[in-house]
Amino acid sequence: MIFLTVGSELPFSRLTTAVDGWAALHKDQRVFGQIGKCDNGDKLPTTIEYSQLLAPEVYSKNLEDCSVMVAHAGMGSIISALTIGKPIVIMPRREMFHETRNDHQVGTAQKFASRPSVFVANDETEISSAMDAALIFSKEKSQITEPVSEFADEEFLKKLRSFIKGT
Amino acid sequence: MGSTKKVLAVSSSGGHWVQLMRLRPAWDDCEVAYLTTEPDYRSQVEKYAKDKSLPLPRFYITVVATRWQKFRLLRQLLETAMVVLKERPDVIVSTGAAPGFFAIKIGKLFGSKTVWVDSIANVDVMSLSGQKAASSADVWLTQWPELSNRKNQLSVDQDQPSSKLLRKPDYWGSVI
């Protein structure tokens, strides 16, 4: 299963529509999306299964069950994928389309692109190739994608701990 | 020394919270309270405490507010102030955004030591709330060495307003 998530706040129709379009051409793949709270005017997917908002337990279950995650370039989604050791396709929200308040997700996506299990689609035209690449990666590399620790580096924690103790 | 420190850990929901959770082993041996905007997170911090045989943290909720929702921001400010005054923490740690900014501003006035960890999402420039929190943050961190003062160590005199303009964040590491 491919798990699409656009975060828990705003919808992200450019991404949802692109993934829905990909799914229409790949009927053998099951895609489930958390597409955000949509208003009447928002375009809804026609191919994929979806829910506007998932309870945290259901979200975790989908994360565990999926082979590839597709998400906006938000840290919650990226950290979830890295922690559980799943490949992730990320597409940045853009200010010019009123998808977010600034373009920080563009920088986030660029920085995390260097991680082997992170696939960046700069915009909707790159979704299809990024999803294909992530699927191939999931088949070939699933055994070697090591989940990262659930916590920050010990060095960072040590510095924080000693600052707290010293107060 | 010797006494258990009180820590108030603050963040809004989503990615900010995920990052705060990755830092929590730093305050395992402290008396801990959390302040966030999502009630569902309570079970997560309680489970962690139970699994590690730690005392249950106190857990506070404030309203969600964007920077354009003035009344909600005011309510968030007041609710955050109540929590800070009730807790009187030794240390306030925040990964952002607005509630953390408020907590650090208010906490600093009442003698708490303050730590701002800017979200790892901010790779080119410190977040707006991070920039605004700088003057009240005893520890002001970026998670990207390129943004930090690592290369050109500037001495920071917090009592000199002019030097605040020059202050660059420290880098202690990243949450992932």
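Between chain B and chain A, 10 residue pairs are in polar contact, both residues of each pair being at pLDDT 80 or more; a polar contact is a pair of N or O atoms within 3.5 Å, where within protein one atom must be able to donate a hydrogen and the other to accept it, and where residues adjacent in sequence count only if both atoms are side-chain atoms. The model is a predicted one, in which local features need pLDDT of at least 70 and side-chain atom pairs count only at pLDDT 80 or more, whereas totals for chains, interfaces and linings use all residues. Residues are numbered from 1 along each chain as its sequence is written, chains are lettered from A and ligands numbered from 1 in the order in which they are written, and side-chain values use heavy atoms, with hydrogens and water left out.

On the side of chain B that touches chain A, helix 1 (15–23), strand 5 (113–117) and strand 6 (139–142) of chain B each supply at least two residues, helices (H or I, at least four residues) and strands (E, at least two) being DSSP runs numbered from the N terminus. Helix 1 of chain B gives the most to this side, with six residues. By class, the residues of this side divide into 23 nonpolar, seven polar and 11 charged, where Ala, Val, Leu, Ile, Met, Phe, Trp, Tyr, Cys and Pro count as nonpolar, Asp, Glu, Lys and Arg as charged, and the others, Gly among them, as polar. In terms of contact (heavy atoms within 4.5 Å), 41 residues of chain B meet 29 residues of chain A.

The two chains bury about 3100 Å² between them, 68% of it on carbon and sulfur atoms; buried area is the accessible area (1.4 Å probe) that two parts lose on being put together, summed over both. In chain B, Arg22(B), Trp172(B) and Ile176(B) lose the most area to chain A, together 24% of what that side buries.

The rule for a salt bridge (a side-chain nitrogen of Lys or Arg within 4 Å of a carboxyl oxygen of Asp or Glu) finds two across the interface of chain B and chain A, and 16 in the whole structure over all chains. Asp29(B) and Lys165(A) meet through their side chains in a salt bridge at 3.6 Å, N to O. Asp29(B) lies in the loop between helix 1 and strand 2 (31–36) of chain B and Lys165(A) in helix 6 of chain A, so the pair joins two chains. Within chain B, a salt bridge at 2.7 Å, N to O, is formed by the side chains of Lys108(B) and Asp138(B). This pair links distant parts of the chain, with Lys108(B) in helix 4 (residues 98–109) and Asp138(B) in the loop between helix 5 (128–133) and strand 6, 30 residues apart.

The largest nonpolar core has 53 residues, and those with the most contacts inside it are Phe112(A), Phe156(A), Leu23(B), Trp27(B) and Tyr34(B); a nonpolar core is a set of buried Ala, Val, Leu, Ile, Met, Phe, Trp, Tyr and Cys residues joined through side-chain atoms within 4.5 Å, and buried means under 20% relative accessible area, exposed over 50% and partly exposed in between (1.4 Å probe, protein chains only). Apart from this core lies another, of 25 residues, among them Ile2(A) and Phe119(A).
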